[in-house]
Amino acid sequence: MVTERHPRVTATRPKILVTRRLPEAVEQRMATLFEARFNPADAPYSADALVAALAGSDVLVSSITDRIDVDLISRLPESVKLIAQFGNGFDNIDIEAAYAAGLTVTNTPSVLTEDTADMAMLLMLALPRRLVEGAAVLPREGSWPGWSPTWMLGRRLRGKTLGIVGMGRIGSAVAARAKTFGLTLHYFSRNRRPPALEEKLDATYHETLEDMLGAVDILSLHTPLTRDTHHILSRARLRLMKPDAAVVNVSRPELIDEDALIEAIEGQRLSGAALDVFEYLGGIDPRLLELARTHRVVLTPHMASATLEARLEMGDIVIVNIRAFVDGHQPPHRVLPETRARA
Ligand code: 8YV
């Protein structure tokens with residue numbers, strides 16, 4: 001039996017700790033509404049520093065760089081009742097453990113869908129049209145011999161087949177864009193989408209990922225990271241892809257067996273990858289950086305949702321979630337453990 005930590009409805013402003021720097025307008029609004037503490041240095045807290053900094057706080061405004069695991073949750077001060085994640089994904093939080101501790105968790109879905117989908121298209125085009133390679137030529141003085149019919153030939157996107165893994169909000173937004181770019185759509189998703197949407201997108205559903213992999217020229221990942229989706233693009237599954245296919249990832253690095261991906265590209269068993277996310281905490285794999293230098297891979301530093309508009313709207317949603325919670329209401333974007341969410 002879980003005892004939820006309820007907000008103390010008091011006349012005083014709730015105390016919030018914001019772990020990373022947010023746009024000025026968001027911090028100003030938070031400072032008006034709450035007794036807010038910010039992190040001007042913008043460096044992620046260590047677990048010990050976070051626990052210490054939270055003393056007396058009601059709300060933790062977290063983001064993806066805070067690892068809120070079962071151990072940290074067990075050490076949180078009793079005063080903390082709400083974890084308001086500044087982000088769509090919440091794989092950095094042990095949702096089960098938070099729920100069991102009576103904590104409410106919220107996130108900021110929807111407002112970064114379109115920007116993230118734009119970035120997926122940007123990456124999808126960047127690889128075959130050699131955008132990064134081409135853009136690097138002119139700044140090196142004297143390196144452009146001038147136009148010629150065989151200069152910088154890439155490959156056409158139109159007419160290719162795109163496989164989407166995870167046809168949720170972001171996957172569907174990518175699919176809509178991809179259709180207008182002339183791509184044929186296939187998808188694999190935990191839940192099959194309604195026939196009307198499949199018809200509108202002209203999208204073919206696959207019951208298994210294995211079934212889809214050999215059919216696509218580009219694979220784009222749009223599924224959240226969970227226990228079930230960790231390394232969903234495994235070594236064995238990568239082997240099922242066509243040798244001239246490419247992988248796009250704007251979701252989470254852990255969805256892909258990165259070692260296997262690198263080896264497949266190095267061994268010419270896959271044409272390349274465009275990655276906004278990759279393992280970096282222990283240092284980026286030097287083989288991946290070398291592939292980026294030789295333009296087999298395009299790497300962007302986790303910037304798919306990085307627009308000012310998205311960050312302002314995310315801030316707004318965090319504020320709404322906190323306000324609803326401290327006023328004793330169910331916050332609009334509550335995240336529940338899988339089992340509870342489905343019940
Ligand atoms: C955000 C993201 O920038 O929201 C997400 O899930 O992956 C990002 O694009 C980041 O998480 C902000 O905390």
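Trainee: Is tyrosine 187 buried or exposed?
Mentor: Tyrosine 187 has 1% relative accessibility and therefore counts as buried; buried means under 20% relative accessible area, exposed over 50%, and partly exposed in between, with a 1.4 Å probe and protein chains only. This is a predicted model, in which local features need pLDDT of at least 70, side-chain atom pairs count only at pLDDT 80 or more, and totals for chains, interfaces and linings use all residues. Residues are numbered from 1 along each chain as its sequence is written, and side-chain values use heavy atoms, with hydrogens and water left out.

Trainee: And tyrosine 205, buried or exposed?
Mentor: Tyrosine 205 counts as buried, at 18% relative accessibility.

Trainee: How many aromatic pairs are there?
Mentor: The count is one aromatic pair. Rings of Phe, Tyr and Trp (its six-membered ring) pair if their centres lie within 6.5 Å; planes under 30 degrees apart count as stacked, over 60 as edge-to-face and the rest as tilted. The ring centres of tyrosine 187 and tyrosine 205 are 5.2 Å apart and the planes stand at 55°, so this pair is tilted.

Trainee: Which strands hold tyrosine 187 and tyrosine 205?
Mentor: Tyrosine 187 lies in strand E7 (residues 184-188) and tyrosine 205 in strand E8 (residues 203-205), so the pair ties together parts 18 residues apart in sequence. Strands (E, at least two residues) are DSSP runs, numbered from the N terminus.

Trainee: Changing topic, what is the strand order in the open sheet?
Mentor: The six strands run E2-E1-E3-E4-E5-E13, with mixed pairing. Two strands pair if DSSP finds at least two bridges between them.

Trainee: Which strands stand at the edges?
Mentor: Strand E2 (35-37) and strand E13 (334-335) do; each has a single partner strand, so one side of each is left without a neighbour in the sheet.

Trainee: In which sense do E1 and E2 pair?
Mentor: Strand E1 (residues 15-18) pairs with E2 in the parallel sense, over three bridges.

How values were computed. Helices (H or I, at least four residues) and strands (E, at least two) are DSSP runs, numbered from the N terminus.
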